[in-house]
Amino acid sequence: MSALQERITAAQAEGRSALIAYLPVGYPDVQGSIDAMVAAVEAGADVIEIGVPYSDPGMDGPVIQEAVDVAVRAGVGMRDVLRAVEAVAAAGAVPVVMSYWNPIERYGVERFATDLAAAGGAGAITPDLIPDEAAAWIAAAQGADLDRVFLVAPSSTDARLRSTTAACRGFVYAASTMGVTGTRATVGDAAEKLVARTREAAPGLPVCVGLGVSDGDQAAEVAAFADGVIVGSAYVRELLEGRGVDGVRALTGDLAAGVRRAGVRA
């Protein structure tokens with residue numbers, strides 16, 4: 001069993017969903033972002049989704065874009081990302097890198113896989129890469145024993161769900177809404193329907209839901225039907241609004257209580 005799937009299964013054994021926290025490397029600076037990641041781990045996050053700064057983050061909403069822009073302008077690169085991976089692994093969570101394809105390709109696909117594994121990373125989420133075009137990444141990830149996480153959306157056909165989940169290892173990322181990232185007032189029922197359809201396509205693969213969760217109540221709502229709850233913009237907002245590590249800790253505590261309050265649907 002892969003590192004990600006093992007951690008998600010361990011959460012299920014506790015009667016809850018896994019909590020996955022996204023934070024980009026480099027905001028407010030590299031060390032500050034690493035401190036925030038470690039704080040999230042210490043407050044109850046199971047997995048840290050470590051964002052690679054990129055100049056054209058097409059899937060990210062304005063909150064994440066604002067933070068990533070600062071990191072890009074500061075010249076934050078893959079070596080800084082690998083440093084964050086090491087810190088998260090040392091803190092006791094499972095680190096998974098979230099990267100658009102261009103930074104990985106520029107760094108070198110096999111080099112990225114080798115260095116990520118050496119740093120203690122579990123794998124990578126590649127939001128703009130579809131399995132049909134991922135032969136190089138899949139081969140490199142297999143060679144380094146890394147997880148591969150691809151995305152599905154409410155618009156995904158049944159055939160696309162089958163082909164995407166067949167290429168995944170660790171979990172499949174279910175984007176709960178169409179559009180860019182950002183916190184939302186309500187979760188909506190599209191996510192639950194998508195999770196059910198994804199489970200039909202791949203019964204043994206954990207399904208984690210991202211895009212929109214902002215507090216413990218919404219985390220509990222998603223945790224009632226998903227194997228993992230992914231939170232991004234709400235974390236970045238804590239940093240943008242100056243609450244720093246203390247804000248990250250408080251948010252994580254609220255979210256961790258939420259996934260425990262809901263339990264996991266059988």
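Helix 10 (residues 216-223) has G216, Q218, A219, A220, V222 and A223 as its buried residues, where buried means under 20% relative accessible area, exposed over 50% and partly exposed in between (1.4 Å probe, protein chains only). That is six of its eight residues, so helix 10 is largely enclosed by the rest of the structure. Keep in mind that this is a predicted model, where local features need pLDDT of at least 70, side-chain atom pairs count only at pLDDT 80 or more, and totals for chains, interfaces and linings use all residues. Residues are numbered from 1 along each chain as its sequence is written, and side-chain values use heavy atoms, with hydrogens and water left out.

**Start of helix 10**
- A side-chain oxygen of D215 comes to within 3.2 Å of the backbone nitrogen of D217 at the start of helix 10. Helices here are DSSP runs (H or I, at least four residues), as are strands (E, at least two), numbered from the N terminus.

**Helix 6 against helix 7**
- Helix 6 (residues 109-119) packs on helix 7 (residues 135-144) at an angle of about 30°, and their axes are 9 Å apart. Axes are lines fitted to C-alpha atoms, for helices over the stretch in contact, with angles from 0 to 180 degrees between N-to-C directions.
- That makes helix 6 roughly parallel to helix 7 (angles under 35 degrees count as roughly parallel, over 145 as roughly antiparallel, 65 to 115 as roughly perpendicular and the rest as oblique).
- On the helix 6 side, V109, E110, F112, A113, T114 and A117 meet A136, W137, A140, A141 and A144 of helix 7; contact means heavy atoms within 4.5 Å.
- The residues of this contact split into nine nonpolar, one polar and one charged. Nonpolar covers Ala, Val, Leu, Ile, Met, Phe, Trp, Tyr, Cys and Pro, charged covers Asp, Glu, Lys and Arg, and the others, Gly among them, are polar.

**D115 in helix 6**
- D115 sits in helix 6, and its side chain makes a polar contact with the side chain of Y107 (2.5 Å). A polar contact is a pair of N or O atoms within 3.5 Å; within protein, one must be able to donate a hydrogen and the other to accept it, and residues adjacent in sequence count only if both atoms are side-chain atoms.
- Not counting residues up to four places away in sequence, D115 touches R79, L82 and Y107.

- S2, in the segment before helix 1 (3-13), counts as buried at 8% relative accessibility.
- The S2 side chain makes a polar contact with that of D147 (3.0 Å).
- E14, in the loop between helix 1 and strand 1 (18-24), is exposed at 54% relative accessible area.
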